[in-house]
Structure formats: C-alpha cells, structure tokens
Amino acid sequence: LERVECTFLSGQSGSLLHHYEDDRLDVYADLSPTELNRARQRYAGEYVTGPRLSLDFVGFDVKRPPFDDRRVRRAFTLATDRETLADVTLRGYASPATGGFVPPGMPGHSPGIGQPYDPDSARRLLAEAGFPDGRGFPAIQCIARDDPGHDLLSAHLAAQWREILGVEVNWEEIEWARFPERMSGDPPHVWMVGFWADYPDPDDYLRVVWWLPPGWQPQVYERLVEDARRVLDQRERMRLYQQADRILVEDAPVLPLCYARVHMLVKPWVRKYITSPLRWWYWKHVVLEPH
C-alpha cells in the first residue's frame, strides 16, 4: 500500500454501503445491523465475520431509587430475554450475553453464569419491592449512545419491560461526545453502552473501566479485583476475576445484553487483510491486486 484513506461515520450520519457498492471503498468495516442482511446476501463471498471482545450492556444508578433496591435491578434483569434480543431483534449477528461480564474469547470468561430469563420471578421481585405489576413505579430517565443498533436494543428492552413488569420507559439517544459529561453531571437512572476491550484481559472489564455504577463496588468485589491485579499466577488470577464477575452478575448493577461480533465487507482484490477480536485496521501486510 502506498497510502490508506479512512472515512469515518458517526452513529447517526448514515451508511457507506453505497460507496462500497460503487467500488469507492475496498473495505467496509463495522456494518450496522440494518445493513447486514442486504450486505451478506448481495456480497456473500466478500462478507467477513469473526469474534470481537465487546459487550453491549445496561447500567443502573444504584445510588438512588428505585435501582438502589437490588430486587428492582434483578427484576429488570430477569425480565430481559437476551436470546430473543440477539437471535431475533439483532438477527443472530450478536450472541446473547448468557455468561458473565467478561466476553467469550477473553481469559476468565464464565459461560452460563448470566441471570436467566424468568418473567415470573421478575414480577415477584418487583412486587416485593413495592411495585406490583409496575404500579407506582416512578418515571425514570434512560439514555443510550447513538451507536448503530442501539435503537433496536432500546426498543426491545422497552417492549419487554412493559410486557413483563408493566413499566414504561423511554430511551433518549445521545452522541458519544455528550455521554461522559451527562454521566458525570446529570446521570440517568438507566444507561446503555457498548464496550470494546482495550486489551485481552478481564482486568480491563472488571477493574479499569469507568462505567461501573458509582457507589456500587462492594468491598469483597474491590478486594477480589485488587488481589487479581497483584497475583502473578495466571490460574489464580482468573479464579479471582471469575468470582468478581459472578458478584457483578448476581447483584445486577449492570445487565449484560449481548456479545458483539466483527462484520465487514472486503473486496476480492484485497489480500492479507487480517481481522482481530481487538481491532480491524491491520494494514501493514495488505496487498491490493490489479482490478
């Protein structure tokens, strides 16, 4: 390659698929959920997918009602059918987060520890918290990043929580530039973001991240992730992180939704284009053949 030209899109600024179809792009990375069916059917031989160390999730403000009550957080979690969300709403282009907060493919992943879809238990817990069938539940603010596909996720969650819990929620989508300021200045009751690993270690998900709800981290959780940071034995490190992950899932300050995948189109004349669970811009060895 003599040079690389990159075209960037914000979450709401449209699609570049027509540029790929007109051969103005050699690679179209990060296809949105609304483009995937068309892209995969029309360009089956050019469609590339693979694992990605990424997670979409919901966070709850545990410092104020109603989500300061663990029963409410667990009710919302148990009222969320993540398999339908991933397999139907997202058409199978993501995997349901039935494991822990650490995504599959990363050391320390704990498959199967996620809370099940259990509408009856969800209704019972919400009633125990003082909101039978959603009656008396306060109005709550919910925000989501304007990432592609998050509109589908938020619509799915709103419909499920209405049907199972009798709770009405409205989601506001905001651009990423405003998101950190909103979280630190006027945090909502509920927020939704996606997190793509900075490095392939559970430390990145369970200790470093800024998005764990402020005021939540219990002493036992903090001790586990701090001990794991200092331990040199890898097997022991993973055991400590898995304990912390289980606490995070069971106490439900966050609700893992789905594990994402890489989806891209690569022209037939592009050779040696490497994909990775961590990123998709390995250009050093790429060769463009005459076309």
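Residues are numbered from 1 along each chain as its sequence is written, and side-chain values use heavy atoms, with hydrogens and water left out. Since the model is predicted, local features need pLDDT of at least 70 and side-chain atom pairs count only at pLDDT 80 or more, while totals for chains, interfaces and linings use all residues.

The chain has ten helices and nine strands (DSSP runs, H or I of at least four residues for helices and E of at least two for strands, numbered from the N terminus). Its C-alpha trace spans about 70 × 45 × 35 Å along the principal axes. Of the 291 residues, 50% count as buried, where buried means under 20% relative accessible area, exposed over 50% and partly exposed in between (1.4 Å probe, protein chains only).

Helix α4 (residues 82-89) has Arg82, Leu85 and Ala86 buried. These residues cover an arc of only 85 degrees around the axis, which puts them on the same side of α4; the arc is that of the directions from the helix axis to the C-beta atoms. The buried residues of α4 pack against α3 (70-78), β3 (95-96), α6 (150-165) and β7 (254-266), with contact meaning heavy atoms within 4.5 Å. His109, in the loop between β3 and α5 (119-128), counts as buried at 17% relative accessibility. Leaving aside residues up to four places away in sequence, His109 touches Gly99, Gly100, Val102, Pro103, Pro104, Gln242 and Tyr259.

Now for the charged pairs: a search of the whole structure finds 23 salt bridges (a side-chain nitrogen of Lys or Arg within 4 Å of a carboxyl oxygen of Asp or Glu). One of them joins Lys267 to Asp23, with the closest N and O atoms 2.7 Å apart. Lys267 sits in the loop between β7 and β8 (270-271) and Asp23 in the loop between α1 and β1 (27-29), so the pair ties together parts that are 244 residues apart in sequence. Lys267 counts as buried at 5% relative accessibility, whereas Asp23 is partly exposed at 45%.

Other bridges stay within a helix. Arg229 pairs with Glu226 at 2.7 Å between the closest N and O atoms, both in α9 (residues 219-230) and three residues apart, about one turn. In α10 (residues 234-251), Arg239 and Glu236 are likewise three residues apart, and their side chains meet at 2.6 Å, N to O. Finally, Glu172, Arg178, Arg182 and Asp186 are linked in a network of salt bridges.
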